[in-house]
Amino acid sequence: MNVQMGSELNLETTESSWTGGWFSWTRQSDAMLRHVEKKILSCLKTAYKRFYVDIGSVVGQSDKIWTVSLNDESSRTPLVMLHGMGAGLALWCPNFDALAETRPVYAIDLLGFGRSSRPKFATEALKAEAQWVESVEEWRREVNLPQFILLGHSLGGYIATSYAMKYPERVRHLILADPWGFPERPAGAEKQQLPLWVRAIGTALQPLNPLWAVRAAGPAGRWLVSRTRPDISRKYNGYVNDADNVIPEYIYQCNSQTPSGESAFHSLMTGFGWAKNPMVKRIDKLSPALPITVLYGSRSWVDNSTGHVLSEHRPHSRTYVQVINGAGHHVYLDKPELFNKYVLEACSRADEYDPRTSTVAEGDTNKTEEHNS
């Protein structure tokens with residue numbers, strides 16, 4: 001396994017084509033990101049390791065994936081966690097202890113985000129998607145995980161699904177937490193749902209990456225994060241000391257660097273957050289033997305039809321849909337106890353059923369449940 005335990009590397013960065021270098025005065029601090037991540041993870045009761053995994057020239061010349069592992073000596077099926085757009089692995093801190101109690105848990109900063117390398121992705125949507133999939137596969141190969149449970153939130157759910165399509169023999173159970181990019185973009189969606197002024201701003205900023213304002217704000221970026229999403233920081237108060245300052249700093253430091261992954265996400269999307277190549281058109285590429293658990297927040301902005309679509313297109317497969325009332329898009333943070341419970345239930349199912357031994361699952365299929373807050 002080609003890992004570099006505890007090392008701090010000077011990762012290669014590239015200029016963003018979306019800002020033209022106008023905002024290069026923004027100064028991020030790799031040391032601050034390292035420090036604030038460690039401060040967040042200090043809330044964990046479970047021992048953990050932090051290390052880089054060298055995946056070679058998947059996108060750049062020498063790509064590296066920043067990784068956290070917990071309970072990695074357990075013999076049970078590992079759980080691998082992929083975060084969403086603009087996030088980093090430390091934001092899973094309300095979930096790590098519970099999920100790692102019974103099995104190995106690995107969380108990574110997706111290539112182009114957090115402390116991982118920030119190479120220049122392809123600008124064509126399917127090529128950028130394939131590069132992310134290959135980065136996960138090379139990471140898996142280096143860490144030597146023959147098979148695992150794959151959990152993805154938002155953009156991470158999109159990448160996890162694409163990975164499961166290409167490497168079905170590696171995924172024991174697919175868990176999608178409020179996944180992005182599944183439904184098709186409805187005709188005239190923006191015109192129907194957004195006020196004129198929002199559409200006008202969106203059109204003007206179409207060439208820019210989603211989080212360009214964080215970088216444009218320079219040293220005021222952390223303040224901007226705390227002012228625009230104070231709700232996220234408050235939800236970490238029960239876990240992280242001084243969360244009102246630490247969490248915005250972490251999010252700012254993750255997103256003030258070269259927007260490599262953010263640019264790749266920009267390539268995948270069309271309009272306000274719809275995927276150019278929605279997963280709904282490719283569901284037939286998923287193995288019918290692969291069990292899937294879909295977790296939604298009832299208050300999320302993400303279209304929650306994915307679970308039902310999966311059930312309809314995979315009528316004889318194991319598909320479990322949980323709608324958690326009172327939770328929004330960040331379902332792992334809004335209702336962490338319920339989220340952890342349902343992820344652990346999915347993991348237990350994975351321990352009992354190996355999709356490699358069957359072509360189509362039998363019995364306990366296509367369940368949809370709602371749970372009150």
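This is a predicted model: local features need pLDDT of at least 70, side-chain atom pairs count only at pLDDT 80 or more; totals for chains, interfaces and linings use all residues.

Trainee: How many residues are in the largest nonpolar core?

Mentor: That core has 53 residues, and W132, W139, L150 and L174 have the most contacts inside it.

Trainee: And what is W132 in contact with, beyond its sequence neighbours?

Mentor: Leaving out anything within four places in sequence, W132 is in contact with L110, L111, F113, F121, L155, I159, G261, A264, F265 and L268. Apart from that core lies another of 47 residues, I247, Y250, C254 and Y342 among them.

Trainee: OK, switching to I65. Where is it found?

Mentor: I65 is in strand β3.

Trainee: Why does I65 count as buried?

Mentor: Because its relative accessibility is 1%, and buried means under 20%.

Trainee: Which residues does I65 touch?

Mentor: Not counting residues up to four places away, the list is F51, Y52, V53, I55, I108, D109, L111, S116 and W139. As for Y52, it is 13 residues from I65 along the chain, with 5.5 Å between their C-alpha atoms.

Trainee: What about T77, is it buried or exposed?

Mentor: T77 sits in the loop between β3 (63-70) and β4 (79-82), and it counts as buried because its relative accessibility is 13%.

Trainee: Last one: which residues of α12 are buried?

Mentor: In α12, residues 306-313, those are T306, G307, V309, L310 and S311. The buried residues of α12 pack against β7 (171-177), β10 (292-297) and β11 (319-324).

Note on methods:
Residues are numbered from 1 along each chain as its sequence is written. Side-chain values use heavy atoms; hydrogens and water are left out. Helices (H or I, at least four residues) and strands (E, at least two) are DSSP runs, numbered from the N terminus. Buried means under 20% relative accessible area, exposed over 50%, partly exposed in between (1.4 Å probe, protein chains only). A nonpolar core is a set of buried Ala, Val, Leu, Ile, Met, Phe, Trp, Tyr and Cys residues joined through side-chain atoms within 4.5 Å. Contact means heavy atoms within 4.5 Å.
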